[in-house]
Every structure is written in C-alpha cells, then in structure tokens.
Amino acid sequence: MSDDLVHVTTHIVRRLNVKFFVDTADLNDIKDLAATGLLDGVTTNPSLVAKSGHSNFIDLIKDICAVVSGPVSAEVAATDFDTMMAEGLYLSKIAKNIAVKVPLTPAGLKVCKTLSQQGTMVNVTLCFSAAQAILAAKAGATFVSPFVGRLDDIGENGMQLIADICEIYKAYPQFKTEVLVASVRHPMHVVDAAKLGAHVATIPPNVIRQLFAHPLTEKGLAQFVADWQKTGQKILPEGVQPMKTGRA
Ligand code: E4P
C-alpha cells in the first residue's frame with residue numbers, strides 16, 4: 001500500500017472510531033456509564049483513586065476490568081525506572097485490558113518503550129507539548145494523554161496542542177500512538193477533539209452525561225409524549241410486554 005493510501009485509510013479509520021473513555025475511579029459511575037453501551041474504556045490516576053476513597057487500588061482496578069472490556073489505564077506510583085517497571089509489570093498482569101499509565105519523563109518513556117516491546121498497552125500521561133507527544137510516539141506508546149483543560153487553565157490553548165499532535169502523527173503513519181484527549185472539562189472539548197480526528201477523549205462522568213443533554217430534545221420529547229397521549233393509541237398490542245432490563 002502506498003504511503004498516501006495508508007494516510008487516507010488511517011484518516012478514515014480515525015473518523016469511524018471516536019472512542020470515549022470515562023475519567024474516573026468511581027466504580028458506580030463506571031457501571032452506570034458502561035450500561036449505555038457507549039463506553040470504550042476507563043482512565044484512572046492517583047488523584048482520582050484518592051478522591052474515590054478506595055483503600056485497595058489493585059482490587060479496584062480488578063473490579064473496573066471486570067466491568068469494562070476496553071482499555072483500563074492504571075497508573076504507576078513511583079517515578080524511578082526500576083520501581084516503575086516493577087509496578088508496570090505487576091499492573092499489566094491484573095487483566096489483559098490494562099494500559100499501564102506512566103508519566104512523560106525520561107524514565108517514564110523508558111518504561112513505556114520496554115513494556116510496549118513486551119506487548120503491554122502503555123498510556124503516557126501528563127503531556128503538555130507537541131515535542132513530548134513526539135517522544136511518546138517514538139517510545140511506542142499506545143496512547144498519549146495531552147491535558148487540554150490544564151493548559152486552558154494557565155491561559156494556553158489546549159485544543160491547539162491536540163491539533164498540532166494530530167497533524168504530526170498523521171504525517172508519520174508508522175506512529176501507532178493514539179491521541180487520548182485528557183483533562184476534558186466540558187462538551188465542547190469533546191466536539192473539538194472529534195473535529196480534529198483525535199482517537200479518544202477521556203471524559204469525566206458529569207461531562208459524559210452532559211453530552212446527551214439538549215433543552216430542545218427535552219422540550220420536543222415532552223411535546224411528543226403529550227401529543228401521543230391525546231391520540232389515545234398504543235404501539236404495543238395487548239399481551240406484548242416491555243422488556244425487563246431494569247434500565248431507565
Ligand atoms: C488523564 O488521564 C487524567 O486522568 C485526567 O484527564 C486529568 O484531568 P484533570 O486535569 O481534570 O485532573
């Protein structure tokens with residue numbers, strides 16, 4: 001296949017696969033959102049684990065992996081190569097859908113390269129520049145996580161970083177690293193990430209729920225329900241019961 005064709009094919013595949021991960025360590029939220037059938041994975045980090053109140057990180061990750069079949073990011077706690085490697089190997093054995101999350105540091109990238117070569121998924125986190133994203137791709141990362149919200153917070157343009165990384169990665173089809181838009185704060189971050197062809201957005205639970213909402217949808221539905229009642233009709237014939245999934 002020519003490089004041009006690879007480029008076009010890659011572009012089409014990206015457009016067909018906007019993946020949504022949930023950015024949380026709250027198991028109830030994960031179960032609730034997994035039930036929508038629209039959840040492709042989970043990202044956690046030490047701050048989210050602390051916020052969840054869970055006292056056993058390993059059990060928590062096992063439980064999450066039992067609920068979600070897509071990639072589940074579990075972050076190492078150490079910052080030196082030797083300990084990060086040991087932690088990464090340990091985490092990678094919890095389930096086959098673990099993505100070991102490592103910080104974008106020289107030691108973190110060495111861990112990334114080693115684990116990636118062994119066939120383990122790696123998510124390189126705390127990416128704040130295009131230069132760092134190039135390093136992550138060269139280290140064989142499965143995902144690179146640029147933090148858009150934290151850049152916006154300091155007066156920089158987080159989404160411009162996504163545009164820059166997507167442009168660079170598209171220029172090198174041999175880079176297999178997926179752009180995982182992180183530190184998402186609102187639905188427009190998700191829409192802008194999709195417009196740019198980013199592979200994944202990891203989204204806090206409340207923002208995922210906001211994606212469904214529009215006041216005109218609610219208003220329109222209320223009108224349809226009221227008008228249907230006026231017709232006095234039913235779609236289901238006598239004896240045909242609704243399904244009993246227990247879901248709303
Ligand atoms: C990414 O994987 C991180 O968990 C997360 O997106 C960080 O977001 P924050 O800036 O809201 O903490």
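Predicted model: local features only at pLDDT ≥ 70, side-chain atom pairs only at ≥ 80, totals over all residues.
Colouring by secondary structure brings up 12 helices and eight strands. Of the 248 residues in the protein chain, 33% count as buried, and among contacts with a separation of 6 or more, 54% are made by residues 24 or more positions apart.

Next, select C112, V124, A136, V144 and V181, which are the residues with the most contacts inside the largest nonpolar core, a set of 53 residues. Centre the view on V144 and, leaving aside its neighbours within four places in sequence, display its contacts, which are V124, C127, A133, A136, A137, T177, V179 and L180.

From there, go to helix 10, residues 187-195, and pick out A193. A193 counts as buried because it has 27 C-beta neighbours inside 10 Å, the cut-off for burial being 20 or more. Beyond its neighbours within four places in sequence, A193 is in contact with I162, V181, A198 and A201. A distance drawn from A193 to V179, C-alpha to C-alpha, reads 9.4 Å, and the two are 14 residues apart in sequence.

Finally, select the ligand and show the residues that surround it: D23, T43, N45, T125, S145, F147, G149, R150, A182, S183 and T202. Coloured by class, this shell divides into two nonpolar, seven polar and two charged residues.

Notes:
Residues numbered from 1 in each chain as written. Near = placed C-beta within 6 Å. Nonpolar A, V, L, I, M, F, W, Y, C, P; charged D, E, K, R; others polar. Helix = DSSP H or I, 4+ residues; strand = E, 2+ residues; numbered from the N terminus. Buried ≥ 20, exposed ≤ 12 C-beta atoms within 10 Å, placed from the backbone. Contact = placed C-beta atoms within 7 Å. Core = buried A, V, L, I, M, F, W, Y, C linked by C-beta atoms within 7 Å.
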